[in-house]
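Subject: Structure for you to look at

Hello,

The structure we spoke about is below, with the sequence. My notes on it follow.

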Amino acid sequence: MNKLNFLKPDNQNVSTYLYTGSFLFLIAVFDVFLSSFFKINITSFLPNILSFLLPLIIGVIGLHLIRIEFSGIKKLDLLNKNINTNNFNAVLTLLIIFIIIKSIPPIMSWFILDANIAGDTKEACTGSGACWTYIKIWLNRFIYGMYPNELQWRINISFILLIALAFVGLIPSEKLKKFLTLYYVIIYPILAFILIYYLISGGSLGLEWVETGAWGGLSLTFIVSFFCLIFCFPVGMFLALGRRSQLPTVRYISVGFIEFWRGVPLITVLFMSSVMFPMFLPEDFFMDKLVRVIIAISLFEAAYVAEVIRGGLQALPRGQYDAAKSLGMGYWKLHIFVILPQALKLVIPGIANTFLALVKDTPLIFVVGLLELVGMLNLAKTNPKWLGFAMEGYVFAAIIFWIICYAMSRYSYNLELKYKTDR
Amino acid sequence: MNSKVRKIIPQLITLLVVILIFGFFTFNAQINMDNRGIEFGFGFLSQESSFDVQFSLIDYDGSHSYARAYLVGLLNTLLVAFIGIVISTILGVIVGVARLSPNYLIERTAAFYVEFFRNIPLLLQIFFWYFAALRALPLPQDADAIFGVSYLTIKGFYTPSFVWENLNIFFYSLIAATISIIVIKNYARKLQENQGKQLPVFSISIGLLIIFPLLTFLFGGVSLDFEIPVIKQLSTTGFIYEGGLSIPPELIALTLALALYTATFIAECVRAGIQGISKGQKEAAASIGLTPNQILKLVIMPQALRIIIPPTTNQYLNLTKNSSLAAAIAYPDLVLVFAGTALMQTGRAIEIVSITMLTYLSISLSISVLMNWYNKKIAIKEK
């Protein structure tokens with residue numbers, strides 16, 4: 001039965017094909033592995049182009065040989081079903097495997113093997129890899145901006161307090177549970193504002209005043225996104241209700257407001273807040289630029305939140321409104337106790353996406369001269385003592401932002417599962 | 001009576017608040033402008049701008065007016081948006097389809113791409129490409145030629161440009177080809193409806209598209225030449241390429257970042273659209289004997305497009321708005337040229353910021369009006 005039929009392996013001669021196929025496949029991977037990790041080309045006797053393509057050709061033949069339908073071997077069937085359904089898929093599979101093997105050594109050497117972290121000056125970076133010394137020296141600035149070193153405990157303490165206050169909602173008994181929304185929507189923002197105002201900004205209670213221009217780095221990213229997040233949600237909710245309102249004036253004003261903010265880029269909104277908005281205020285009235293920026297971003301994001309919430313409101317069946325009305329509920333009672341809880345539950349993913357967009361938009365505040373993490377990177381990059389480390393800085397910031405955003409999207413996914421109710 | 005009053009009072013209050021806020025702002029603006037001696041008006045648009053823009057699609061220098069500077073910025077913005085939309089659509093569709101691939105490795109690679117690029121702020125990505133990645137490119141004199149004619153250097157991408165003769169005749173031939181394709185398509189449809197015959201419309205169209213322009217080359221006096229970039233020494237270390245088409249690094253970085261970022265969102269739209277088609281549709285189509293290609297073309301795609309197109313247009317709008325980040329790397333787009341340089345020179349904050357915002361607003365609103373019309377047109381007409 002050992003008739004060699006290269007074109008159509010079947011379950012009559014599984015073992016022959018399995019061993020030949022896997023052997024060829026492994027040779028292909030091994031060849032790429034050697035050339036990638038040890039820079040040895042075992043096929044150097046062949047013409048250039050052939051030696052380059054050989055692993056691919058051998059690998060495809062190997063995968064072709066082990067593509068046996070219903071072989072009866074569980075693992076082989078699983079493999080065939082997932083990465084080896086036809087020749088085209090086999091080529092793609094091999095290419096991806098090769099690219100991964102090829103890219104490991106340069107990435108490893110840049111990140112770790114040839115990288116430097118010792119020393120305090122640029123001269124300490126001698127390797128060809130990344131210069132993490134730069135990040136190490138500037139880390140303080142990247143986190144706290146130009147905030148004076150000896151006062152940084154104030155930022156730490158207020159952040160810890162803010163996080164602690166945010167977890168208050170988990171503690172209280174059943175009795176206090178109904179005040180939770182009130183707490184998160186009104187009391188918590190006020191407390192947060194007081195904390196930031198008295199502790200980080202200072203100027204009273206014996207604390208030295210630090211102007212907002214000196215704030216910066218990652219802590220500013222957090223402050224801006226935190227406040228915008230808190231403010232944009234209620235505003236967006238009212239706008240969504242306004243857009244669904246029966247009253248024409250309210251509806252048209254809401255529509256106009258939402259469409260205006262959604263139609264312009266954030267950068268022009270920030271331009272407006274920095275150059276145009278002061279013209280609209282009384283002459284002797286001064287508003288800090290951080291406050292202006294927070295208001296601008298909040299209004300901007302509120303329009304997006306409003307559209308997301310409107311989607312949830314529209315998705316609710318009419319029966320919910322009718323049932324609540326037949327119980328004699330008025331407009332506000334109906335919305336607070338019946339409609340909004342259900343609608344908000346529906347739009348958790350959408351809201352999370354908007355919040356993610358908000359966090360990703362915070363670097364734009366460089367327009368008005370506030371330097372959060374990305375702004376600080378650009379400042380550090382132009383420092384004459386530390387020229388030429390742009391790559392390290394951006395990679396560092398990218399990793400931090402990626403972790404923040406990915407964690408947020410995972411959290412929203414869990415939230416979505418938690419509040420999922422079948423209807 | 002009672003309910004009427006209850007309807008009117010909230011409206012009146014809202015209106016009053018809005019009017020008061022606007023009135024307050026206008027009043028302050030009036031006082032502020034009086035104090036600074038600025039007159040509100042758009043007369044400055046016709047004044048000489050006296051600043052240069054390094055990259056412009058139309059003829060422009062400092063002697064032109066501010067209005068023309070605005071036009072330069074607008075065209076540059078639209079250029080970035082157009083290139084970005086084309087690249088991100090192609091990439092997004094490929095990645096979106098790859099995310100549904102039965103091949104585990106391909107699916108994971110696509111998912112990794114999406115999760116990676118959409119969780120990093122766009123501004124950071126633009127900075128990365130501009131300040132880190134493109135700065136690692138070789139100097140003009142060290143650059144290796146790509147296909148022997150193009151050069152990718154730290155100062156931009158240099159590639160041969162087309163030099164046309166009698167370009168208008170060529171365009172006419174293209175228009176003629178398009179019109180005849182439409183006529184043939186209609187004819188083929190009628191033929192199929194009336195007699196059941198099918199014409200190979202696709203191959204005929206391709207043929208027409210090739211033959212018509214070819215004829216203009218042979219008989220219409222159209223000719224095409226290439227201008228190849230040539231390196232030229234300015235000083236001992238300064239080299240520059242002359243001739244051909246040069247694409248500045250700002251444009252490359254911006255379009256690259258915008259396309260890679262937006263493609264992740266488009267990929268998700270495409271995936272959602274294809275997944276939104278129920279399996280029954282595919283099985284039903286297969287059971288009446290359609291081939292896999294026909295199933296995709298006649299059953300899946302028409303329905304999936306209905307789900308895909310609205311959110312994708314939204315992404316196109318986002319891309320256009322995000323292109324304003326160009327200001328961060330000094331690509332002369334609308335925001336940098338007009339809301340940046342022109343504002344600094346004239347000091348007319350209110351007028352210039354309003355014009356800029358209105359421009360973006362009208363782009364967005366016109367596209368969403370188009371979208372609403374399209375949505376109404378393709379909506380499933382239920383009986």
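What distance separates the centres of domain 1 and domain 2 of chain A, taken over C-alpha atoms? It is 47 Å. The domain assignment behind that value gives domain 1 as 14-113 and domain 2 as 132-147 + 210-418. Please keep in mind that this is a predicted model.

Next, the interface. Contacts between the chains involve 47 residues of chain B and 42 residues of chain A. On the chain B side, two or more residues each come from helix 1 (2-36), helix 3 (104-118), helix 4 (122-133), helix 9 (292-322), helix 10 (334-346) and helix 11 (349-378). Helix 1 of chain B gives the most to that side, with 12 residues. Sorted by class, the side of chain B that touches chain A has 31 nonpolar, 12 polar and 4 charged residues.

The axes of helix 9 (residues 248-263) of chain A and helix 11 of chain B come within 8 Å and cross at roughly 110°. Because angles from 65 to 115 degrees count as roughly perpendicular, helix 9 of chain A is roughly perpendicular to helix 11 of chain B. From helix 9 of chain A, the residues involved are A:E259, A:F260 and A:G263, and they meet B:Y360, B:L361, B:S364 and B:L365 in helix 11 of chain B. By class, this contact has 4 nonpolar, 2 polar and 1 charged residues.

On the nonpolar cores: the largest has 144 residues, and the members that touch the most others are A:L270, B:I126, B:A253, B:L254 and B:A257. Helix 7 (residues 249-275) of chain B gives the most to this core, with 16 residues. Leaving out residues up to four places away in sequence, B:L254 touches B:V80, B:I126, B:S323, B:A326, B:I329 and B:Y331. There is also a second, separate core of 13 residues, which includes A:Y17, A:L24, A:A90 and A:L94.

Last, a backbone detail. Most residues other than glycine have a negative phi. B:A330 is not a glycine, yet has a positive phi of about 65°. This residue lies in the loop between helix 9 and helix 10 of chain B. Is B:A330 buried or partly exposed? With 14 other C-beta atoms within 10 Å, B:A330 is partly exposed, since a buried residue would need 20 or more.

Regards

Technical notes: Residues are numbered from 1 along each chain as its sequence is written. Chains are lettered from A and ligands numbered from 1 in the order in which they are written. This is a predicted model: local features need pLDDT of at least 70, side-chain atom pairs count only at pLDDT 80 or more; totals for chains, interfaces and linings use all residues. Two residues are in contact if their C-beta atoms, placed from the backbone, lie within 7 Å. Helices (H or I, at least four residues) and strands (E, at least two) are DSSP runs, numbered from the N terminus. Ala, Val, Leu, Ile, Met, Phe, Trp, Tyr, Cys and Pro count as nonpolar, Asp, Glu, Lys and Arg as charged, and the others, Gly among them, as polar. A nonpolar core is a set of buried Ala, Val, Leu, Ile, Met, Phe, Trp, Tyr and Cys residues joined through C-beta atoms within 7 Å. A residue is buried if 20 or more other C-beta atoms lie within 10 Å of its own, exposed if 12 or fewer, and partly exposed in between; C-beta atoms are placed from the backbone. Domain bounds come from an automatic or database domain assignment. Axes are lines fitted to C-alpha atoms, for helices over the stretch in contact, and angles run from 0 to 180 degrees between N-to-C directions. Angles under 35 degrees count as roughly parallel, over 145 as roughly antiparallel, 65 to 115 as roughly perpendicular and the rest as oblique.
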